[in-house]
Amino acid sequence: MMTAQADPAPVVVDRLTKRYGAVTAVSELSFTLAAGTITGFLGPNGAGKSTTLRLLLGLAAPTSGTALVFGRPYASLPSPSAVVGAILESDDFHPARTGRAHLRMLALAARISWDRVEEVLAQVDLTRAASRPVRTYSLGMRQRLGLAAALLGRPSVLVLDEPVNGLDPAGVHWLRAALRDFAADGGTVLVSSHILAEVAQTVDRVLIIHSGRLLADAAINEFPDSATLEATYLKLTAEATS
């Protein structure tokens, strides 16, 4: 009797390595992300977090190893925006273009209806500011616009690089709830951050890397509070430096 094969995991990174000349930015990195979870991606500046995210999104080619989304490299996905939404830069906007025009341009390229643009503007609470040029937006508003762009194609996976930057406490609370709702609906979130207290309140699991290598992969309930997470993070990264 034939056995049905399980669907591939949303994200599988296997022995991923990236070298730039003599510099190794990511080294033999492996992890798997499950549906319905939020994973915090932690590490000091220069640890290889952004490089890993760029490799996952097909913006750079690995030296070796693989980074797969539902069993495929990002570049081979037939409709990437319907699978993965990402925030990597908070200033990737034309300053003279309105928030609505920016999203409509992305929707046009992805063959998404403009009705969906209005839906995501409302979802991130930018409807009233949608007709203003992006140059008038605060950093927090630009983060919201970036999230709206990431959500445009109704993706199953969100990849977010420091999405809390520039958000006020109300914005942080809103983002936390938005990510929890996304995961509750079966979505998968990978979010890098330096704000450990916020990570402790938001994620289900943490990955800690240093110099491109994985130091820890643990469920957040293994850390009773943010102070314990911070202490573990500082201990591991200090040991890796010495």
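Which residues of α5 are buried? In α5, the buried residues are Gly171, Val172, Leu175, Arg176, Leu179, Phe182 and Ala183. Buried means under 20% relative accessible area, exposed means over 50%, and partly exposed lies in between (1.4 Å probe, protein chains only). The arc is taken over the directions from the helix axis to the C-beta atoms.

The model is predicted: local features need pLDDT of at least 70, side-chain atom pairs count only at pLDDT 80 or more, and totals for chains, interfaces and linings use all residues. Residues are numbered from 1 along each chain as its sequence is written, and side-chain values use heavy atoms, with hydrogens and water left out. Helices (H or I, at least four residues) and strands (E, at least two) are DSSP runs, numbered from the N terminus.

Helix α5 covers residues 169–184. Its 16 residues, at 1.5 Å a residue, should span 22 Å. The end C-alpha atoms are 23 Å apart, which agrees. The expected span is 1.5 Å times one less than the number of residues. An α-helix has 3.6 residues a turn, so residues three or four places apart point the same way. The face of α5 turned away from its buried side carries exposed residues: Pro169, Ala170, His173, Asp181 and Ala184. The cover over the buried residues of α5 includes β3 (38–42), α4 (139–151), β6 (157–161), β7 (188–192) and α6 (196–202). Contact here means heavy atoms within 4.5 Å. Gly186 follows α5 and has a positive phi, near 100°.

Helix α3 (114–123) was examined next. Its buried residues are Arg116, Val117, Val120 and Leu121. They cover an arc of only 140° around the axis, which puts them on the same side of α3. These buried residues pack against α2 (99–110) and α4. Asp125 follows α3. Asp125 is placed in the loop between α3 and α4. Its phi is positive, near 60°, in a residue other than glycine. Asp125 counts as exposed, at 54% relative accessibility.

Most residues other than glycine have a negative phi. Ser211 lies in the loop between β8 (205–210) and β9 (213–219). Ser211 is partly exposed, with a relative accessible area of 43%.

Two strands pair if DSSP finds at least two bridges between them. β8 and β9 pair in the antiparallel sense over six bridges. Val206 has Ala218, in β9, as its bridge partner. Axes are lines fitted to C-alpha atoms, for helices over the stretch in contact, and angles run from 0 to 180 degrees between N-to-C directions.

Another open sheet has three strands, in the order β2-β1-β4, and its pairing is antiparallel. Its edge strands are β2 and β4 (64–69), each pairing on one side only. The twist averages 20° from one strand to the next. Seven bridges join β1 (residues 11–20) to β2. The bridge partner of Tyr20 in β2 is Val23.

Ser27 is found in β2 (residues 23–33). Ser27 is buried, with a relative accessible area of 10%. Leaving aside neighbours within four places in sequence, Ser27 is in contact with Leu16, Thr17, Gly212 and Arg213. The side chain of Ser27 makes a polar contact with the side chain of Arg213 (3.3 Å). A polar contact is a pair of N or O atoms within 3.5 Å; within protein, one must be able to donate a hydrogen and the other to accept it, and residues adjacent in sequence count only if both atoms are side-chain atoms.
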